[in-house]
Amino acid sequence: MVENLDGDIGNLKVYLVQDYNVNLLKRMVNFGLGIFGDLGMDEWGLVPQIRHGNVFVLKEEDKKRIIGLAILMRDWEDMEKCYLFDYAIAEDLQGQGLGYHFLDAIIRNLKDQDFSKMGLTVDTENAPAIRLYRDKIGFDVIGENKDEYGEGHHRYIMELDFDRYNPPKL
C-alpha cells in the first residue's frame, strides 16, 4: 500500500502494484477496458507495465472492485521524468474528488522514487481531465499534437515540475 486515503472520501487505499495474481490482473484489465473500450490495455501490455513501470490502483481495502487505475512509465529521454500513460476513475464515482486525491498520492510516491516531473497527454475536448491536471494539480500545457490518434483527435501535451507542486487541498 502506498497511501491510505481515509477521511471524507471513504476508506480508500492507493496500492503500487509490483506483483499480481491472475484475478487482480483480470480486474485491472476489465477496469481499463470498461473506461477506455478497445483502447484499454490488455494483459499483454499490463504485465510488462507492472514489472517495469509503475501501476497504481485505488480501491477499498479488502474489496475487489477497482475504483482507479494509473499506469506510468519512465521517459527514457529524461530519466527524472515519468509519463502518465493511463489514468482513470470509475465513471460512477467521478466528480467526487477521487481523481485529485489519487493523483496527489501518486505524485508524492513518485517524488519519493526520485522523479522530478511528470508528463501526459489529454484530449483537448476532455474538460474535466484538463481541469484536474491544469487547475487542481498544476500541470502546464507545453504543446499540442494535432491528429495524435487519427484525424480530429488532438491532444494537449502537459507537464508538471514536482518542485513546483503544491496544490491547494480540496
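Helices and strands are DSSP runs, the former of H or I with at least four residues and the latter of E with at least two, numbered from the N terminus. The exercises below apply this to a predicted model.

**Exercise 1. Determine how many helices and strands the protein chain has, and in what pattern they follow along the sequence.**

Begin with the totals: the protein chain has four helices and eight strands. Then read along the sequence, where these elements follow the pattern β-β-α-α-β-β-β-α-β-α-β-β.

**Exercise 2. Describe the accessible surface and the charged side chains of the protein chain.**

The accessible surface comes to about 9700 Å², and 45% of that area belongs to carbon and sulfur atoms. For the charges, count 20 positive and 31 negative side chains, and then locate the centres of the two sets, which lie 5 Å apart.

**Exercise 3. Place Asp-78 in the chain and identify the side chain with which its own side chain makes a polar contact.**

Asp-78 lies in the loop that runs between strand 4 (66–74) and strand 5 (81–89). Its relative accessible area is 23%, so Asp-78 is partly exposed. The side chain of Asp-78 makes a polar contact with that of Lys-117, at 2.9 Å. For a view of separation, take Glu-91, which is 13 residues from Asp-78 in sequence, while their C-alpha atoms are 33 Å apart in space.

**Exercise 4. Decide whether Ser-116 and Asp-114 are buried or exposed.**

Both residues belong to the loop between helix 3 and strand 6. Since buried means under 20% relative accessible area, Ser-116 with 19% is buried. Beyond its neighbours within four places in sequence, Ser-116 is in contact with Glu-80, Leu-160, Asp-161, Phe-162 and Asp-163. Asp-114, at 64% relative accessibility, counts as exposed, and its phi is near 75 degrees, a positive value in a residue other than glycine.

Note on methods. Residues are numbered from 1 along each chain as its sequence is written. This is a predicted model: local features need pLDDT of at least 70, side-chain atom pairs count only at pLDDT 80 or more; totals for chains, interfaces and linings use all residues. Side-chain values use heavy atoms; hydrogens and water are left out. Accessible areas come from the Shrake-Rupley method with a 1.4 Å probe; for residues, only the protein chains shown count as cover. Lys and Arg count as positive and Asp and Glu as negative; His and the chain ends are not counted. The place of a charge is taken as NZ of Lys, CZ of Arg, CG of Asp or CD of Glu. Buried means under 20% relative accessible area, exposed over 50%, partly exposed in between (1.4 Å probe, protein chains only). A polar contact is a pair of N or O atoms within 3.5 Å; within protein, one must be able to donate a hydrogen and the other to accept it, and residues adjacent in sequence count only if both atoms are side-chain atoms. Contact means heavy atoms within 4.5 Å.
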